[in-house]
Amino acid sequence: MMRLPWFRYYAPESVAEAARILAAEGSRAMLIAGGTDLLPNMKRRQQTPATLISLRQVEGLRKVANGAGLVLGAGLTLAEVVGAQPVRERYSALWQAAAQVATPHLRNMGTLGGNLCLDTRCLYYNQNEDWRRAIDFCMKRDGETCWVATGSKRCLAVSSTDTAPALISLGAKVKLVCVSGEREVALGDLYRNDGMDYLTRRPDEILTEVFLPKPEGWKSSYWKLRRRGSFDFPVLGVAAAIRFAADGTVEQARIVLGAVSSRPLATRAGDLIVGRKLTDDAIAEAGESASSAAKPMDNTDLDLYWRRDVVTAFVGYALREIRGDDMRAERQRIAKQAFAAAM
Ligand SMILES: Cc1cc2nc3c(=O)[nH]c(=O)nc-3n(C[C@H](O)[C@H](O)[C@H](O)COP(=O)(O)OP(=O)(O)OC[C@H]3O[C@@H](n4cnc5c(N)ncnc54)[C@H](O)[C@@H]3O)c2cc1C
Ligand code: SF4
């Protein structure tokens, strides 16, 4: 049995108190929300903070406020996000992404903020300590070499959050709070293409809110590829959001890929369909463009080249769903299929 290392535990009741403790404890402290990512990482000694600052008792982090846009507290569980009526009715990509994270148990504990700040993943890193010691560890923790690309100076671990690509496609911003003040950043700017230093969030900042603009004229969709439809992290996530003119022409389009680099990848594939109707040809062009932008590495589940090739099909599913095609059979097929054949 893997045991947790010893740690000091704080349970503040306000954001200000949490920010004060975080500033005082410095780099030896980490925030914990649902703990569904951090606690397994601690058991495997991938992350070993001396102090945990829990956000579970912090007031105000579970709000759902519908006004000029939609404000979602970072402490909402993913089950609460899925259950929020405005999310279900107006922000389909987020609803579909949150509903497909992990399992019901994990969605009952795991939070939106934790999902956005999720550690990057790699087959050489998400292993227990003995396994990692046997390969002399790796650059992300305790070692010097990257076993995925031995010449690489950068860790290539994969951004595996489902909700981030969806929220970026919807134009989301996040609020970050620390003792000296607060700032708002576009969610896309929260991420760096660096598997170790993957967030631009400063160590003393707490992500408190996600803000979604009004979805007027926008339609969105999220499609996820994973080995087991009931359980797994994404090996590909495709989020698409499109704003249509009254005559059905595409006015704005965003296509964001998850699990193909160390941060969610905002592609330029959407530009190819702006000013056009969403025809089969336009959809195929966008899919091929997104597929060539994707550069997955051989450090996660399923075959590398197949994962890149299948981007075209998944972009197609998302865009056809936005167009209004009935994609229920396709969704069911993908949810039930075990992708063992692609190994
Ligand atoms: C078996 C299994 C399957 C999983 N499958 C998926 C999946 O399919 N898709 C997916 O996206 N995730 C998956 N996860 C990961 C995880 O369950 C979710 O991402 C979850 O939403 C994480 O939220 P949490 O509140 O538990 O985060 P925690 O574990 O509490 O924290 C995760 C990280 O975020 C930081 N953090 C948390 N809240 C804040 C905040 N408000 N401000 C700043 N930093 C913060 C923590 O310090 C930590 O670094 C899976 C996990 C397991 C164990
Ligand atoms: S990409 Fe390289 S450095 Fe990063 S976790 Fe994997 S093996 Fe380690």
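Predicted model: local features only at pLDDT ≥ 70, side-chain atom pairs only at ≥ 80, totals over all residues.

Q: Which residues of helix α1 are buried?
A: Helix α1 covers residues 15–25, and Val-15, Ala-18, Ala-19, Ile-21, Leu-22 and Glu-25 in it are buried.

Q: Why are the buried residues of α1 said to line one face of the helix?
A: Viewed down the axis of α1, the buried residues fall within an arc of 165°, so they line one face. An α-helix has 3.6 residues a turn, so residues three or four places apart point the same way.

Q: What do the buried residues of α1 pack against?
A: They pack against five strands named here with their residues: β1 (8–10), β2 (29–32), β3 (51–54), β6 (173–178) and β8 (206–213). Contact here means heavy atoms within 4.5 Å.

Q: Which residue follows α1, and what is its phi?
A: Gly-26 follows α1, and its phi is positive, near 65°.

Q: What makes Trp-223 and Tyr-317 an aromatic pair, and why is the pair called tilted?
A: The ring centres are 5.0 Å apart, and the limit for a pair is 6.5 Å, so the two rings count as a pair. The planes make an angle of 40°, which is neither under 30 degrees (stacked) nor over 60 (edge-to-face), so the pair is tilted. Three aromatic pairs are counted by this rule.

Q: Why is the pair of Trp-223 and Tyr-317 said to tie parts of the chain together?
A: Trp-223 belongs to strand β9 (residues 218–225) and Tyr-317 to helix α11 (residues 304–323), so the pair ties together parts 94 residues apart in sequence. Both Trp-223 and Tyr-317 are buried. Ring pairs also link Trp-223, Phe-314 and Tyr-317 into a cluster.

Q: Where does the charged end of Lys-140 sit?
A: The charged end of Lys-140 sits over the ring of Tyr-125, 4.7 Å from its centre. The distance cut-off is 6 Å, and the charge must also lie within 35 degrees of the ring normal. Arg-228 lies over the face of Phe-231, at 4.6 Å from the ring centre.

Q: What makes Lys-224 and Asp-162 a salt bridge?
A: The closest N and O atoms are 2.7 Å apart, and the limit is 4 Å, so the pair counts.

Q: Why are Arg-328 and Asp-326 called exposed?
A: Arg-328 has a relative accessible area of 61% and Asp-326 has 53%; exposed means over 50%, so both qualify. They form a salt bridge, with the closest N and O atoms 2.8 Å apart.

Q: How many disulfides does the whole structure hold?
A: The search finds zero disulfides.

Conventions
Residues numbered from 1 in each chain as written. Chains lettered and ligands numbered in written order. Heavy atoms only, no water. Buried < 20%, exposed > 50% of the residue type's maximum accessible area, 1.4 Å probe, protein only. Helix = DSSP H or I, 4+ residues; strand = E, 2+ residues; numbered from the N terminus. Arc of directions from axis to C-beta. Phe/Tyr/Trp six-rings, centres within 6.5 Å; stacked < 30°, edge-to-face > 60°. Disulfide = S-S within 2.5 Å. Salt bridge = Lys/Arg side-chain N within 4 Å of Asp/Glu carboxyl O.
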